[in-house]
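I opened the notebook to record a few look-ups.

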Amino acid sequence: MDYATPSDTLLRLTLFSGVAVLVLNVLLVAVVAFVRARANKRARHQNEITAIWTPIFHRAIEGLENPALPAIASRDQAVVLGLWIHYFQYLRGKARICLRRLAYYIGLDHSTAVLFHHRNMAQRALAVVALGNMGTPEAWDELVRLSNDDNPMLSLLAGRAMLRINPEWAVPILLTQLDYRDDWPMTRIGGIFEEAPTATVEPHLREALSMSSPSGTARILSLLSLIHVKESWLLLKPLLEPHQPPNLLAAALRATQEPRSRASVLLLVSHQDWVVRAQAASALGRIGQPGDERLLKEMLGDPAWWVRYRAACALRNLPFVPRTSLEELMNDENADPFARDILRQALAEVEVTQ
Amino acid sequence: MSVWSMLIEEGLGSLQWFFLIYFILLNGGYIALNIFSMVVLQRYLERHSMDNLPKGHSGFDPPISILVPAYNEEATIVASVRSMLQLEYPKHEVIVINDGSRDDTLARLIEEFSLHPFPEAYWRRLPSQEVRGIYLSTRHPNLRVIDKANGGKADALNAGINAARYPLFCAVDADSILQRDSLTRVVQPFLDDRQTIVSGGTVRLANGCKVRNGFIDEIGLPDNMLARFQIVEYLRAFLFGRLGWTPMNAVLIISGAFGLFRKEAVVEVGGYRTDTVGEDMDLILRLHQHYRLQGRPYRINYIPDPICWTEAPESLRVLKSQRMRWQRGLLESLASSWRLLFHPRTGAVGWFAFPFFLIFEAIGPLIEVTGYVFFVGGFLLGKVSLDAFQIFLFVAVGLGILLSSMALLLEELSFRLYPRQNQLAKLFFAAIIENFGYRQLNSLWRFIALMRWLSGSRQRWGNMTRSASWQHDKKPT
């Protein structure tokens, strides 16, 4: 029987594979050991650099002169820049100015120029953040280019850097991009626009809303919760027309804060899309007037649970709706059982937590 | 030589080739997944190294409902819920579903969190066993408890989905230990890509770790060898078993211990199936099937961050029961979603991931056990030479160690959760030793589960005995 002897092709092949696997295993152990040693060495070195630069940054923040400043080796640029960004983001006012001055003095502007073109994304991101923090106007064109990058993280960081360098120029560019950049997470956009002065954003926001696509408009509308826009009802009026797409109507209703939008909202309480009806009920809870109580009570019998719930919460929250009238409805055995159940829940939510 | 013996020898020769080819395909597949994972991991770490810049505006983070099914969890439920209430996230609610516990789970919750009966207008979108009552905490308005008749984990989750207020829900095991930032991390795919419907993360083993106030305080390794083998196994399963499928949008399993779902997507496919023991995998497969066959864009994402810790069984009896249950769950899930297989519209799921799981994970134990029997039997009967036997053993063990070493390398390149040199050495040692008995035992248990499933016998639930050693502030090794 030949097949089971080592001279067989199959066995030779298997033996050869086994040896290759053994060599690979030894190599892998060596690689893991090497990776561990390198990471430890790097961490130690980073700690040393941090220990050197921390007191320097502290003195600079306090406005004190640093007697001797060490040179930054090229391999330490990212560590020092990272530390500088760390301090910068927690400071305001004069301390920031002092840190900026120190950055130029120790040549961090050159470090950012080098890292800006680095192929490692994390290092590039560091440079972009630093450019914004330093307020480097020379970097404007490159940042605008980068804000169009396919990578959402880099493009957003570039947007924020632009906003820090020149909000007047940056806001219209970013709002235009927001129209089509649906890969930009709203939570981060919110974080960026939170930093922008309201007076700068408001006029551009009005303009952007009038020119954006429905999905872009819905995103821009979310910013209304961050930026106070005077007479926003005028802005929202065309967006609350019943013919608008449901997602846009829902976004506009969420942004509705002024009683003058009431007439538009009333037109939407019987919209065919339940999401719109639910948002209309919520909006009435904020801006409703005494006559709306009846309408909201009717909405308690809506086929959609969320519409019933929002209507119940709206009734509960409206200051002019007496609690006794809600309790009457809740205990009325002839009333819609759905309405009674949801009202009972909405009232209990407040009771239990009191 | 008679015709029969010639035929037998011919057959044995062919079998050798069959086992070898299967072996090459299996290990080649895993090595390829490993290489994909390295690329994905590198990109992921680079991409997320600047996650906090710019900081998000918390008002725009989607709120999350955490669903915690609990059955006889009186020993751990209070600590678990307390830690879930402390998670760092702008807006989340915790819904504990007491699935007809026979112990004092509900009483402990009522007492500890000042629960009061709450007249909720319960919306029964998904079927579940009767809901006996809903309670709201007066101290934590974001905590509710649903008390229902026993119907199993899937049934409890369906009841929880019905009560969930928020668009995303996170299914968590009652004994899972989460990181403070678990939700912030696992929600990231939903923020980055609006097509995301599911996101899961890496589950790690808490055996040997020190836990304080419901959170991992110090990471350590257990003394128990069985638990240590499972740590290596989990590294393999999560770091490349799942990460490797992510770029193809072909992840088939999101752990039931921790996963974040878009509620409407799950409701659309009818929620969790209650007639399977693998409800987590079954749901993912049905979501793939639903979206792929309808040609709708979606993403099921997996993030490599360690976000959830769980306790591994430390006795063979419990481990056997767990592994047989997992195998049965896998078989049931694959069988119920067979339409995915080689369907022209199912892409990488139907053409790569599903066949891979079918051949190597579902039927694999049959081939592996037959292979062991063939070689050991052949050797004992003198049909396989000692050299051949030794060479096959040498390669099998070598490849087993190689895959584990690659997982350790991935861990070293990414999160380095075991920072001490002796921890690394112990893991390497476990990666070698597990090939001598542990893996074979696993194959045998899975083989038995496969046979039982084929014969149509019903799965009996084994009790998961948890030592919860980490609850006693045990020092890590």
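I count two strands as paired if DSSP finds at least two bridges between them. The model is predicted.

**Sheet, chain B.** I looked up strand 1 (residues 64-70) of chain B and strand 2 (residues 92-99) of chain B. Seven bridges join these strands, and they run parallel. Pro69(B) sits opposite Ile97(B) of strand 2. I then traced the sheet of chain B.

**Helix packing, chain A.** I checked helix 1 (residues 9-61) of chain A against helix 3 (residues 93-105) of chain A. Their axes come within 8 Å and cross at roughly 130°. An angle over 145 would count as roughly antiparallel, and 65 to 115 as roughly perpendicular. The two helices are therefore oblique to each other. Their crossing is right-handed. Helix 1 brings Ile56(A), Phe57(A), Ala60(A) and Ile61(A) to the contact. Helix 3 meets them with Ala95(A), Cys98(A), Leu99(A) and Leu102(A). I sorted the contact residues: eight are nonpolar, none polar and none charged.

**Confidence, chain A.** I noted an average pLDDT of 89, with 97% of the residues scoring at least 70. Confidence is highest in helix 15 (residues 274-287) of chain A, at 96, and lowest in helix 12 (residues 232-236) of chain A, at a mean of 86. Over residues 1-6 of chain A, pLDDT stays under 50. For that stretch the model has 21 contacts beyond four places in sequence.

Key:
Residues are numbered from 1 along each chain as its sequence is written. Chains are lettered from A and ligands numbered from 1 in the order in which they are written. This is a predicted model: local features need pLDDT of at least 70, side-chain atom pairs count only at pLDDT 80 or more; totals for chains, interfaces and linings use all residues. Side-chain values use heavy atoms; hydrogens and water are left out. Axes are lines fitted to C-alpha atoms, for helices over the stretch in contact, and angles run from 0 to 180 degrees between N-to-C directions. Helices (H or I, at least four residues) and strands (E, at least two) are DSSP runs, numbered from the N terminus. Angles under 35 degrees count as roughly parallel, over 145 as roughly antiparallel, 65 to 115 as roughly perpendicular and the rest as oblique. A crossing is left-handed if the near helix is turned anticlockwise from the far one by less than a right angle, and right-handed if clockwise. Contact means heavy atoms within 4.5 Å. Ala, Val, Leu, Ile, Met, Phe, Trp, Tyr, Cys and Pro count as nonpolar, Asp, Glu, Lys and Arg as charged, and the others, Gly among them, as polar. pLDDT is the predictor's confidence in each residue, from 0 to 100.
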